[in-house]
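Here is a short briefing to read alongside the sequence and the structure. It is set out by topic.

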Amino acid sequence: MADHGERRSGLRRRWAGALVGLLVLALSTGIAGPARAAEPPVRATLVGPVDGGTTGSTNPTLQVAASDPDGGSLSVRFEGRPAGATVPGGGGGAFSLVVLPDTQNYTYSNRQGIITQQAQWIVANRAALNTAFVAQIGDLVSNYDNVAQWVNVSTGLKPLDDAGVPTSVIPGNHDFDNATGAVGLYDTYFPVSRYAGAAWTPSTATYGGYLGQNQFGPDPVDRRNMDNYALFSAGGTDFLMLNLEWEAPPDVLDWADRVLDHHPDRTVILTTHSYVSITGGLRTIAQRTGGTAPAALWSSFVSTHCQIKLVLSGHEHSGDLGEARRTDTNTCGQPVHGILTDYQSRPNGGDGWLRYYTFDPAAGTMTASTYSPRLGRFETDADSAFSLPFPFATGTPAPFVPIGTVQVASGGIAATSWPGLADDTAYEWRAVVDDGTSSTVSDTWTLRTPPRTEVLRDEFRRSVTGGWGSADTGQRWATSVPAASAVDGERGTLTVPPGTTRTAKPTDVLLTDGTVEADLRIGTAPSGSGTYVSLLGRDAGSQSYRAKLTFRAGGSTVLAITRNAAGTDTALAALTLPGSVPAGSTLRVRFQQSGTAPTTLRASAWLAAGAEPAGWMLTATDATAALQPAGGVGLDAYVSGTATAAQSLQVDRFTVVRPGGIEPPANRAPTARIATPVVSGRTVRLDGSGSTDPDGSVTGWRWSFGDGGSADGVTAERTYAADGTYPVTLPVTDDDWATATATATVTVSAPPPVTELARDAFTRSVVNGWGPADAGGTWTVTGTVGRYSVSGGSARQSLSVVGSTAEAALTGVWAVAAETRVTVSWSRTAAAGKLYTSVVGRSVTSSSDYRVAVTVAGDGRPTLTLVRRVGGVETRLASVSPALTVTAGAPFRLAVRLTPVAGGTEFAARMWPAGATEPAAWAVTATDGTAALQAAGSVRLVSYLSSAATAPVETTFDDLLVTRP
């Protein structure tokens, strides 16, 4: 590793030389830095059917949401296979992984050919070694600001791209500005587009994604290809190659956590520039400010992710030394190998030495070989040639086979049917989204087809609190009040207070013809006007057919067939059961519906300990139009409001059987509706809550805003970047995965110019106060003036006495509608006591205001709380915990908006890292109509030192701006 101070000396001279070298090389070879290409599609997300659930037929409809950052049309290929199916003969064959250690000393013009020689050797020997992947492990160049070196290494590795060899690179400490972390030339020559659009072979190898893609939720930073991952399959095993920058900071590791969480079934190989030292140890002190030392990387990340089996690194070298390895045991009790290879101190910048590992699934080993294409020989000492255990799962998974391919616009829902599946069989499926340039592969989901006759069975032989869990046949029970429902290992129970109704309904059951049967009993003798228990058929939420039992005081029980609409029962047939049914006795109830327009309904009920009736006890017919489509099943219980105590309904042997050979009827599609859009400047609020489903419920809403953006949810808000008219589409999905789409047109224009109320860059020097702001009046401080100062371009509130408060008010601002933005940072972390800071957006009096309170917990996670304060009494209106981590000295921007609306004030806030783009959406909002606060007020900045803190704190403020929205 070259010394950093030496590397910076003579920068101008080397930069000029680099430009000359670049011009000569470009003219002679025609090689230039890779141009940016289109982003790959986003990985498809599941719409239906429910992952792991049982479908309603052996011809299920598969649905995914597909989108592309670049918009346009997408091809979605659905693929599937039987779950757990393997290729005859089991395990996969041997394969290799090639590692290219630090190439930095090959990037000088007299050695550039060594990189090309290495790449050409890899391509030439790919078939013989069965090479599955090539990993470069950092320090691509010697000087991150030297263009010629980047051109040399980019050109040297190009044969791998041309041959479609799956390859990844990572930045070492020489590849970027360690002080600022800036991506720089690394992104010019090794951008996402170089790998995301690569035509790798075989097609099972794909570029997975990068930090900054927002692939698994919002990413706090955009590191582009600095931190990335790839997927490949070899030896009957699915691998994930996780590639992290040198001494990855915490936000990188947070992203890596999400990557692994979304690929739980993949074996992970981690590459990072620095891990094992030349002595085989792990450094305990980070060399990079804000970075993670190798020992901490092991303890906080590698050891806790039991998918990680191998860690590959470079960076460490001393003369001819640059090889070491170690094996540690992770939290699952499994071995993790860490291996160092770095030859840069050897003659000619490393003499072209590289390392490849041959994995043998049959033997469960990985064997290291060290070879130099330049010298044409192997190195065979114990540090260079060795074998380590590497167990593989037995059996090679069967390949996915195509189901169907559909075209869909970005942001839309792609659907296809999967016909011909076997009864009662588990299947796996996935979706491949292709934009014509690159493709992405989704997660793998599972489904089970139903038996031909038995749709649902549950004998409740489990223990669950707060619900009923899942039935024996896989359907999930939904209970109306989970806290009032449980399973005790023998029965499911619902606790029903007087005057209330409790329901339990299984998901993924939809039929017209079928029989519902259950064993029911009530725990205590009924009181008041009785206890009412119903088995439901063709249930659509607001209407259903029912077999209804009325348990009356004194022991008599009435069985009825009813039609229920909007909570009102109409009896179609009824009788009183013979004899009495004492509390604690089990009644077996059977309810059947068949045919449509009219529907024939039959019901029977008898003591489970007695004889079953010879025929149906009740029969009725009905042709009510709303109840002719397919519907769900379930049960509910109601206890009379005049009852003296709560009742316990106990359920066992709940089954649903469909007549043999009868498949459920086609689901009726929902209707999508968009309410009149609310437009404010370039911001539009959208509402799809008016969407309906005639035979179930709407379960999914996906908005496309007409500018390439999209969002999920019943409502959405979009701020457009430019004036214009945009087409908005809303595809909705019902509970059986059918879709419908509504459209609307919105016209937006920029809001009127912003009125500045106050501004302060704090460029002055003040002791014992804050002095006059740049605009907006003079700051008034509260309490000990020594707590306040301004210097070095920022204002400070310094607290050393626990339980004390500092407060600075800008009383020259006096407004009802105002947006306040300010930068805030803290001198320490919250490990020595929570951090408390408030931005008061409207202070009507010294004790009455609206404020956003920022609280930072011991783990560094902040919480934003919207607070109403009247007469010194605080009331929390809403709160949110953004995905941020506060460190000592790290600046964050806070924004607070107070806007008068009908009946009060709309209150909103957000927080983001200083220097990053301000988020478009407010993180937390609330509306409040407290009369005492619906007046103009001033702006205040407040900090507080907790009485539980063990260290003082200095809160720094900068770049205050108050505007009228």
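The model is predicted. Helix 8 spans residues 250-261. Thr116 sits in helix 3. The disulfide pairs Cys306 with Cys332.

**Helix 8**
- Helix 8 has 12 residues. From first C-alpha to last it reaches 16 Å, close to the 16 Å expected at 1.5 Å a residue.
- Its buried residues are Val252, Leu253, Trp255, Ala256, Val259 and Leu260. They cover an arc of only 155° around the axis, so they lie on the same side of helix 8.
- The cover over these buried residues includes strand 7 (206-211), strand 8 (224-234), strand 9 (237-244) and strand 10 (267-272). Helix 9 (294-302) and strand 11 (308-313) are also among the covering elements.

**Thr116**
- Helix 3, residues 112-124, contains Thr116.
- Thr116 has a relative accessible area of 19%. It counts as buried because the cut-off is under 20%.
- The side chains of Thr116 and Gln112 are joined by a polar contact of 3.4 Å.
- Leaving out residues up to four places away in sequence, Thr116 touches Gly156 and Pro159.

**The disulfide**
- The count is 1 disulfide. Cys306 and Cys332 form it, with S to S at 2.0 Å.
- The torsion about the S-S bond is about 90°, so this disulfide is right-handed.
- Cys306 lies in the loop between helix 9 and strand 11. Cys332 lies in the loop between strand 12 (323-329) and strand 13 (335-341). The pair therefore ties together parts that are 26 residues apart in sequence.
- Cys306 is buried at 17% relative accessibility, whereas Cys332 is partly exposed at 47%.

Definitions and conventions
Residues are numbered from 1 along each chain as its sequence is written. This is a predicted model: local features need pLDDT of at least 70, side-chain atom pairs count only at pLDDT 80 or more; totals for chains, interfaces and linings use all residues. Side-chain values use heavy atoms; hydrogens and water are left out. Helices (H or I, at least four residues) and strands (E, at least two) are DSSP runs, numbered from the N terminus. The expected span of a helix is 1.5 Å times one less than its number of residues. Buried means under 20% relative accessible area, exposed over 50%, partly exposed in between (1.4 Å probe, protein chains only). The arc is that of the directions from the helix axis to the C-beta atoms. Contact means heavy atoms within 4.5 Å. A polar contact is a pair of N or O atoms within 3.5 Å; within protein, one must be able to donate a hydrogen and the other to accept it, and residues adjacent in sequence count only if both atoms are side-chain atoms. A disulfide is a pair of cysteine sulfur atoms within 2.5 Å.
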